[in-house]
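Please keep the structure in view while reading.

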Amino acid sequence: MESNNKNNYSPSSSSSTSSTTQPAATAAATTTDPVQSWWESVSKARSRILSLSSILPSLPSSSSSSSSSFSLSSLAESDRPALSFLSSPDAYSLLSSSLSSPSSGSGSDPLCQWLYDTYLSSDPDLRLIVLSFLPLLSGIYLSRIHSSDSSSAPSLSGFEAVLLAIYSSEVKSRGGKPVVVQIPHLSHPSLYHTPRNKFHKSQPQAPSVGVLSGPLEPQIAVKSTKRPVIVGVTLDCYFKHISQMPTWSKVELCRFAGAWAGQDCACQDKFDEYDDAGYFLEGGNLMINSSESEDNLGITESKGVRIPLPWEILQPLLRILGHCLLGPFKTQDAKDAASVAVRRLYARASHDLVPQAILAARSLIQLDKRAREAAKAAAANTTSNANTPAKAKKHEILLVSK
């Protein structure tokens with residue numbers, strides 16, 4: 001990538017002659033033309049989407065009936081092709097079927113090459129498409145790496161190239177600095193508390209700064225010792241844009257998270273033994289009445305396996321589950337999938353003795369229970385009000401004096 005320093009002029013050079021400043025100003029106006037920038041973005045997105053037709057010529061035969069009228073060209077011809085692709089369940093089903101094939105993920109996989117090149121295009125909308133497939137890609141990658149027959153599995157350098165592209169972009173954006181958070185000092189009053197003890201003004205206060213993530217080092221390959229950090233950073237990138245991710249992508253991640261944690265522990269049902277909020281787990285499966293079938297979204301059952309879960313992966317994973325549990329959604333799919341996943345992660349953290357994960361998962365479970373109790377109470381109140389007959393209003397009598 002070329003540097004933009006050549007377009008920066010010093011004050012002396014820019015004020016020396018009018019003949020020098022006028023062409024520069026004209027060039028700047030041309031490059032910042034919003035119409036031209038929009039058209040270039042649309043043209044780039046159309047080109048990337050249409051290039052998929054040579055990689056994925058047809059839809060899977062198991063697609064829903066609504067897929068008969070679906071075509072990549074119809075998405076490419078829209079006013080916002082990248083966002084149309086992102087919000088299309090048929091497009092997600094098309095790519096996910098190819099990513100889930102047993103031979104996917106190799107260095108010669110054309111779809112991995114497409115995802116890699118698309119993310120390097122630096123177009124923000126095209127990058128969202130790649131990030132929407134990160135749950136499936138990372139889920140399949142980690143499950144294959146840690147499966148019992150991983151020695152006979154094909155090369156996964158295609159998956160690793162996509163992960164490294166996202167990771168390298170984040171390394172560049174952070175600029176070698178850690179991600180920190182300011183922790184309020186208890187000696188200062190806030191909206192929620194008043195300090196009991198008066199601290200002397202001369203008393204020194206230690207800096208209250210928490211490090212969420214340390215400085216990142218550039219990586220040219222996914223080594224086993226660096227794999228948790230690389231995958232964790234990519235999940236953190238996903239979380240940054242999670243409000244723009246489609247529901248089926250979030251559900252996919254929740255399912256893999258539950259599989260990664262393992263399903264053979266009764267601890268996951270600990271908080272639901274006396275649950276009166278209408279939420280129960282039976283045999284490790286969430287009993288839900290979803291208003292929209294996941295089959296219509298093109299989502300298949302995850303084939304994840306139990307894997308090591310260091311804090312580098314758990315931390316962004318719990319953030320994502322927190323959004324899925326408490327975020328505003330039109331359907332319950334993401335919330336229900338996250339409810340199962342966070343309970344399994346709590347059980348896993350309890351056995352692995354990871355205190356920060358236990359605290360975070362337990363808090364999310366309690367928040368989930370309270371939200372479901374509140375929703376159930378609100379629904380009961382609405383039903384009660386609907387069944388209560390309204391009292392007839394008395395006719396008003398107006399007295400008019402003559």
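**Helix packing and cysteines**

Helix 11 and helix 13 run roughly parallel to each other, because their axes cross at roughly 15°, and an angle under 35 degrees counts as roughly parallel. The model is a predicted one, and in it the protein has 15 helices and four strands. Of its 402 residues, 40% count as buried, and among contacts between residues at least 6 apart in sequence, 77% join residues at least 24 apart.

**Helix 11 with helix 13**

- Two packed helices are described by the angle between their axes and by the distance between those axes.
- For helix 11 (residues 227-240) and helix 13 (residues 311-326), the axes come within 8 Å, and the crossing is left-handed.
- On the side of helix 11, the contact is made by Pro228, Val229, Val231, Gly232, Leu235, Asp236, Tyr238 and Phe239, while helix 13 contributes Glu312, Ile313, Pro316, Leu317, Arg319 and Ile320.
- Sorted by class, this contact between helix 11 and helix 13 has ten nonpolar, one polar and three charged residues.

**Helix 12 with helix 13**

- Helix 12 (residues 247-261) also packs with helix 13, at an angle of about 130° and with the axes 11 Å apart, which makes helix 12 oblique to helix 13.
- The crossing of helix 12 and helix 13 is left-handed, and the contact is made by Lys250, Leu253, Cys254, Ala257 and Trp260 of helix 12 together with Leu317, Ile320, Leu321, His323 and Cys324 of helix 13.
- By class, the contact of helix 12 with helix 13 has eight nonpolar, one polar and one charged residues.
- Leu317 and Ile320 of helix 13 are listed in the contact with helix 11 and also in the contact with helix 12.

**Cysteines**

- A disulfide is a covalent bond between the sulfur atoms of two cysteines.
- The structure holds zero disulfides, and Cys324 is in none, the nearest cysteine sulfur, that of Cys254, being 3.9 Å away, whereas the cut-off for a disulfide is a pair of sulfur atoms within 2.5 Å.
- Cys324 is buried, with a relative accessible area of 0%, and Cys112 is buried as well, with a relative accessible area of 2%.

**A largely enclosed helix**

- Helix 6 (residues 89-99) is largely enclosed by the rest of the structure, because eight of its eleven residues are buried.
- The buried residues of helix 6 are Asp90, Ala91, Tyr92, Ser93, Leu94, Leu95, Ser96 and Leu99.

Notes
Residues numbered from 1 in each chain as written. Predicted model: local features only at pLDDT ≥ 70, side-chain atom pairs only at ≥ 80, totals over all residues. Heavy atoms only, no water. Axes fitted to C-alpha atoms, helices over the stretch in contact; angles between N-to-C directions. Helix = DSSP H or I, 4+ residues; strand = E, 2+ residues; numbered from the N terminus. Parallel < 35°, antiparallel > 145°, perpendicular 65-115°, else oblique. Left-handed = near helix turned anticlockwise from the far one by under 90°. Contact = heavy atoms within 4.5 Å. Nonpolar A, V, L, I, M, F, W, Y, C, P; charged D, E, K, R; others polar. Buried < 20%, exposed > 50% of the residue type's maximum accessible area, 1.4 Å probe, protein only.
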